[in-house]
Amino acid sequence: MAPSRCHRPVLLPTIMATACFALVLLLALCAAPAPAHAARALTPGRAGAVTKAQQGGTGSNATSAADEYLAPHNQARPAVGVPPLRWSAYLASTAAAVVAQQQRHVGCAFVDMGGSPYGANQGWASYRARPAEVVASWVAQGRYYTHASNTCAAGRQCGTYTQVVWRRSAELGCAQASCATGATLTLCLYNPHGNVQGQSPY
């Protein structure tokens, strides 16, 4: 990928500086070949009490936040014979920076993660969705995946599921942003990335 440069025109230095910051943040994720990524929007369901969006950090709150993301991942992975993921504070911090940027500048829209060196799953809900609920929606896509042919059912998506269970992925870091509209944007990053075209997840 060719390096990108920000050129600041004389008339709009503040807007261009903001755009340059966003570009630099996203380019920090662009050091490796682009894997396929997936995203999923949630429909309102029977969500339980919702806490403020969290990422892994320090202390017991961080542990419980990390567990909310890790537990559903690590329940799905043994079902297909792959080892559990480990929590990465670095990936969680990176995900938090990205969703915060999206929250502040583009109204919690999905991020284009095509150039990232990490695998990425994104979820958007019109309400304050809990992390475990978002991950469960990705895992639920497994019903559309056929391992024997390494394909999704016609008209269905299963890329978020295959990233969750990708054998080579070993580390996970996630974050959420609560949007002004009451929506939730969730981003999980995986290292090494999965969803490599032509390869089976397990």
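Modeller: Tyr69 is buried, with a relative accessible area of 0%. Here buried means under 20% relative accessible area, exposed means over 50%, and partly exposed is in between, with a 1.4 Å probe and protein chains only. This is a predicted model, so local features need pLDDT of at least 70 and side-chain atom pairs pLDDT 80 or more, while totals for chains, interfaces and linings use all residues. Residues are numbered from 1 along each chain as its sequence is written, and side-chain values use heavy atoms, with hydrogens and water left out.

Rings of Phe, Tyr and Trp (its six-membered ring) pair if their centres lie within 6.5 Å; planes under 30 degrees apart count as stacked, over 60 as edge-to-face, and the rest as tilted. The count comes to three aromatic pairs. One of them is Tyr69 with Trp87, a stacked pair, 5.9 Å centre to centre and 20° between the planes. Tyr69 lies in helix H2 (residues 59-76) and Trp87 in strand E2 (residues 86-87), so the pair ties together parts 18 residues apart in sequence. Helices (H or I, at least four residues) and strands (E, at least two) are DSSP runs, numbered from the N terminus. Trp87 is partly exposed, at 22% relative accessibility.

Tyr145 and Tyr202 also pair. Their ring centres are 6.3 Å apart and their planes stand at 65°, so this pair is edge-to-face. It links distant parts of the chain: Tyr145 sits in strand E4 (residues 145-146), Tyr202 in the segment after E7, 57 residues apart. Tyr145 is buried, at 10%. Tyr202 is partly exposed, at 23%. Ring pairs join Tyr145, Tyr161 and Tyr202 into a cluster.

Now the disulfides. A disulfide is a covalent bond between the sulfur atoms of two cysteines. The cut-off is a pair of cysteine sulfur atoms within 2.5 Å. That rule gives three disulfides.

Cys108 bonds to Cys179, with their sulfur atoms 2.0 Å apart. The torsion about this S-S bond is about -110°, so the disulfide of Cys108 and Cys179 is left-handed. Cys108 lies in the loop between helix H3 (89-105) and strand E3 (119-125), and Cys179 in the loop between strand E6 (171-178) and strand E7 (184-191), so the pair ties together parts 71 residues apart in sequence. Cys108 is buried, at 2%, and Cys179 is buried, at 6%.

Gln102 lies in helix H3 and is buried, at 9% relative accessibility. Its C-alpha is 8.4 Å from that of Ala177, though Gln102 and Ala177 are 75 residues apart in sequence.

Cys152 and Cys158 form another disulfide, S to S 1.8 Å. At -85° about the S-S bond, the link of Cys152 and Cys158 is left-handed. Cys152 is partly exposed, at 31%. Cys158 is buried, at 3%.

Cys174 is joined to Cys188, with 2.1 Å between the sulfur atoms. Here the torsion is 110°, and the link of Cys174 and Cys188 is right-handed. This pair connects distant parts of the chain: Cys174 in strand E6 and Cys188 in strand E7, 14 residues apart. Both Cys174 and Cys188 are buried.

With the bonded cysteines numbered in sequence order, the pairing reads 1-5, 2-3, 4-6.
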